Amino acid sequence: MNLQKRLELIKRNTQEIVTEEELTNLLHKKKEPSVYLGTAVSGKPHIGYFVWVLKLADFLKAGFKVTLLLADLHGALDNTPWELLEKRYLFYKKVIPLMFQSIGADIKNFTIIKGSDFQLQKDYILDVLKTATFATVNDCKRAASEVVKFGDNPKLSGLIYPIMQSLDEVYLDVDVQYGGVDQRKILMFARENLPKVGYQPRIEIMTPMIPGLEGGKMSASIETSKIDLLDDEKTVFEKIKKAYCVAGEVEGNGILAFLKYVVMVIKSDNEETFIVPRDTKYGGNLTFRTYPEVEEAFMKERLHPMDLKHAIALEINSLLEPIRKKKTELFQIVKEAYPLHL
């Protein structure tokens, strides 16, 4: 794959790259660059995670070494009970590779690392303290405001969160950090503060956050906004049926967003079409090759919301099939990791 194709693959469905010039230079200079995404082991993974799973698959195709940081200590800093961290880490470690399997990704250059395996080392802690002497309380609070649940009486832990995330780039020895656009303030905090403690800033790449089923952000903490990876087929159809999807409206439509950033990416890579099953009395099946075709049909109300919902539910159930094959083992872990959620 030539440099231009690699660059296009990395840029696909991104919202911001800081900076694209640095990314281009990196691809020129380094045959096998490295990227990481960090996720705190807090809420239960849901189908929105497929957005970043697909993006990490893009990095793999573009010749990157890819690291997924399962940030157990970050989970604790964001109010996950300490006694549940190990169980939640185990669930993430089991279920995320199944998501890569679901999309057919080649993961030979993919590694999962546990945060506490390196974040408790003496040098790391010393760098956390060094950074804390440069970063102000306001800097840290502003950086973490879109990610950490501060509440009315913020805890000190939330202020440590962006400092650690910045240093993870260094201690994982990566060229790029990738995350959702909700991470932007932390990523910019890293670029500003790493040089103060003697480290080079990294390239930061962000993808959009997709709306939940009710509009707004798809959130692990809002049950009705999401579809869990362990939801059965019937539950998927029921949740999708109730989802916000007004005829002709694209803005805030989580169904269309999931189609755009997940389903149509997979269809495009596999050279497949998106089929909307319909009864012959309503004109028969609709077939689409690109997302813009779907959006145009929906906006012009040639595609009915209920038909779209049914088609998306079928696609989601297909994606979740490899995970459901492990449901007995995964359900047992979930019961221990999320006792208050059941």
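Here are some questions and answers about this predicted model.

Me: Leaving aside neighbours within four places in sequence, which residues is F274 in contact with?
Reply: Leaving aside neighbours within four places in sequence, its partners are L259, V263, M264, K267, L286, T287, F288, V294, L308, A311, I312 and E315.

Me: At roughly what angle do the axes of α9 and α10 cross?
Reply: Helix α9 covers residues 157-171 and helix α10 covers residues 184-193. On the α9 side the contact is made by Y161, P162, I163, Q165, S166 and E169, and on the α10 side by I186, L187, F189 and A190. By class, that contact has seven nonpolar, two polar and one charged residues. The crossing is right-handed, the axes come within 9 Å, and the angle is roughly 65 degrees.

Me: Is α8 roughly parallel or roughly perpendicular to α9?
Reply: Let's look at the geometry. The axes of α8 (residues 137-144) and α9 are 8 Å apart, and the two helices pack at an angle of about 80 degrees. Angles of 65 to 115 degrees fall in one class, so α8 is, relative to α9, roughly perpendicular.

Me: Which residues of α9 meet α8?
Reply: From α8 come V137, C140, K141, A143 and A144. The residues of this contact divide into seven nonpolar, one polar and one charged. The α9 residues are G158, L159, P162 and I163.

Me: Is D139 buried or exposed?
Reply: D139 has its place in helix α8. Not counting residues up to four places away in sequence, D139 touches F134 and F189. Its relative accessibility is 17%, and the cut-off for burial is under 20%, so D139 counts as buried.

Me: What is the relative accessibility of K114?
Reply: K114 is found in strand β4, residues 110-114. Leaving aside neighbours within four places in sequence, K114 is in contact with L69, L70, D72, E86 and Y89. K114 counts as buried, with a relative accessibility of 13%.

Me: Is H28 buried or exposed?
Reply: H28 lies in helix α2, residues 20-29. The C-alpha atoms of H28 and G75, 47 residues apart along the chain, are separated by 36 Å. The relative accessible area of H28 is 58%, and the cut-off is over 50%, so H28 is exposed.

Me: Is α7 oblique or roughly perpendicular to α9?
Reply: The contact is made by D123, Y124, D127, V128, T131 and A132 of α7 (residues 122-132) and by I160, I163, M164, L167, D168 and Y171 of α9. By class, it has eight nonpolar, one polar and three charged residues. The axes come within 10 Å and cross at roughly 130 degrees, which makes α7, relative to α9, oblique.

Key. Residues numbered from 1 in each chain as written. Predicted model: local features only at pLDDT ≥ 70, side-chain atom pairs only at ≥ 80, totals over all residues. Heavy atoms only, no water. Contact = heavy atoms within 4.5 Å. Helix = DSSP H or I, 4+ residues; strand = E, 2+ residues; numbered from the N terminus. Buried < 20%, exposed > 50% of the residue type's maximum accessible area, 1.4 Å probe, protein only. Axes fitted to C-alpha atoms, helices over the stretch in contact; angles between N-to-C directions. Left-handed = near helix turned anticlockwise from the far one by under 90°. Nonpolar A, V, L, I, M, F, W, Y, C, P; charged D, E, K, R; others polar. Parallel < 35°, antiparallel > 145°, perpendicular 65-115°, else oblique.
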